[in-house]
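Here's a quick walk through one protein model. Have a look at it first, and then we'll go through a few spots together.

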Amino acid sequence: MSAYKSDFLNVLAERGFIHQVSEPDALDQLAKSQPITAYIGYDCTAPSLHIGHLLPTMMLHWLQQTGHRPIALMGGGTTRVGDPSGKDETRRVLTDEVINANLASIRQTFSKFLKFEGAGGNAIMANNADWLNTLNYIDFLRDVGRHFSVNRMLSFDSVKLRIDRQQELSFLEFNYMILQAYDFVELNKRTGCVLQMGGSDQWGNIVNGIDLGRRMREAQLFALTAPLITTSSGAKMGKTAAGAVWLNADLMSPYQYWQFWRNTEDGDVARFLKLFTVLPLNEIARLAALQGSEINEAKKVLATEATAMMHGRSAADDAANTARQTFEEGTLAENLPTIEVASAEMANLGVLSAFVRAGLASSNGDARRQIKGGGLRVNDVAVTDEKMMLTAGNLTPEGVIKLSLGRKRHVLIKPI
C-alpha cells in the first residue's frame, strides 16, 4: 500500500511512476487539499514525439484524471538553445519556421491523452517562446542570472559529464538550465503552477527552478521525477534497429506501433501495463500472473491497449487482427505496411535493395548479413541468394510480394 493520502501521488506510486519527489509530505498534503497545476516541458526538435515522451505524458494524464490541471509546455524558445542533458554533442540549431511546424504537429498528440480547455477539460498547452523570445538580455542577467552560482552549475550531471568526457559545451547550452528554471517561475506567476515533473535526468534542472522560485517569488515549488525506462540491454526505451519509435501515425503505422509493444520482453510486461495503459491494477495483476506461452496473451493486451490510447480503439483492433491473421492463421493480411513500386522499376528490383526500401534492412550490407543468418524471407521462403531479383513471378494471388525480417516484421511490395 502507498503511504500517500492524495489520489494523485497514490496512483503514480502504485503504477511505478515515482523516482524522486521533493518535500513529498507537503506536496501530498497540497494535492489532497486542493487542485494543483503541474507541467512537463517538451522541446520541439522533431515533428513527432517518440516513445520516450510517453511516460511523462502518462503522468500528465493521471494528474488530470485525479482532479488536477496539467500543462504541456512546448519549448518553442528553449528548442532554439538545446538541452545538453544526456547529450554528447551540441544539438543542431533549428529555424523558427521548423520549430513552429514541429510544435503544431506535436500538439495533436497531446489531445489523445489530455482534455484541453475548449474541449471539455482544463489542460493548458503553453509555449515558452511567449516569454523567452522577448527577454532583454541585460535585464535577464540582472533579475535572474544573479541567483545562479556557476560553481554549482558545473556540478550538475548534464554539464559535468560533457566536461569530464572533454566534449565541448557551448555557452548557449550552458544557459539552458537557467532558461528551464525561469520557465518554472514564469508558469508559477502566470498559472499558479507549483509542480514540475520529468524524467530522472531532469532532477537538477527542476531543483534549479524550485530554488529560483523561492528567491524571486518566495514561492514553494515542487519536483517529481520518474525513473528512466531502460531495456534489458541498458539502452533508453524506444530505440530500435530501425530508429526511434514515433507516436505520429505518418511516421510509424498503428500496426508497427502495436508490434513494438507486442515484442516487449517477458519481464517488462507487468511494468509496462502499469505505465503505458489505463487498465485497472487488479486486471494487470491477473495478466502479470500468466506463465509460459500464456504471457503472449498479456503482451497482446498491452499492445492493443497502448495502441488504442495513441491511435484509437478501431486502429488498435485492426492491428491486432492483422497480427492474428499473419501469424496465427497464416493468411496474408491486406493492412500490413505496404510500399508501392512502379511496375517499370519492378523489372529490375534486387532483393537487397527491396529489403532496404521496405525499411527491414538499414543497408545492402545489413541485408547480406541477414541473408547469411537466414533472417530474410520472400513470401515466407528464406532468401539464400543475395543476387535474387524480384519479378512478377514472385507476386502472390493478391498481387503483392511479402518481405519478412524474422517472424514478426513484414512489409508488402505492391507494383503500381
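## Around helix H2

The buried residues of H2 are covered by, among others, helix H1 (7–15), strand E1 (20–21), strand E5 (195–199) and strand E6 (222–226). Helices (H or I, at least four residues) and strands (E, at least two) are DSSP runs, numbered from the N terminus. This is a predicted model, where local features need pLDDT of at least 70 and side-chain atom pairs count only at pLDDT 80 or more, while totals for chains, interfaces and linings use all residues. Residues are numbered from 1 along each chain as its sequence is written, and side-chain values use heavy atoms, with hydrogens and water left out.

So which residues of helix H2 (residues 24–33) are buried? They are Leu27, Asp28 and Ala31. Looking down the axis of H2, you'd find these buried residues within an arc of 100°, so they line one face of the helix; the arc is that of the directions from the helix axis to the C-beta atoms. An α-helix has 3.6 residues a turn, so residues three or four places apart point the same way. On the face of H2 turned away from its buried side sit the exposed residues Asp25 and Lys32.

"Buried" here means under 20% relative accessible area, "exposed" over 50%, and "partly exposed" in between (1.4 Å probe, protein chains only).

| Residue | Relative accessible area | Class |
|---|---|---|
| Leu94 | 9% | buried |
| Tyr137 | 47% | partly exposed |
| Arg369 | 55% | exposed |

Leu94 belongs to the loop between strand E3 (69–75) and helix H4 (96–110). Leaving aside residues up to four places away in sequence, Leu94 touches Cys44, Thr45, Thr79, Ile99 and Asn102, where contact means heavy atoms within 4.5 Å.

Tyr137 lies in helix H6, and Arg369 in helix H19 (residues 364–372).

Now for the inside. The largest nonpolar core has 72 residues, of which Phe8, Phe110, Met197, Leu224 and Trp261 touch the most other members. Apart from it lies another core, of 30 residues, including Leu73 and Met153. A nonpolar core is a set of buried Ala, Val, Leu, Ile, Met, Phe, Trp, Tyr and Cys residues joined through side-chain atoms within 4.5 Å.
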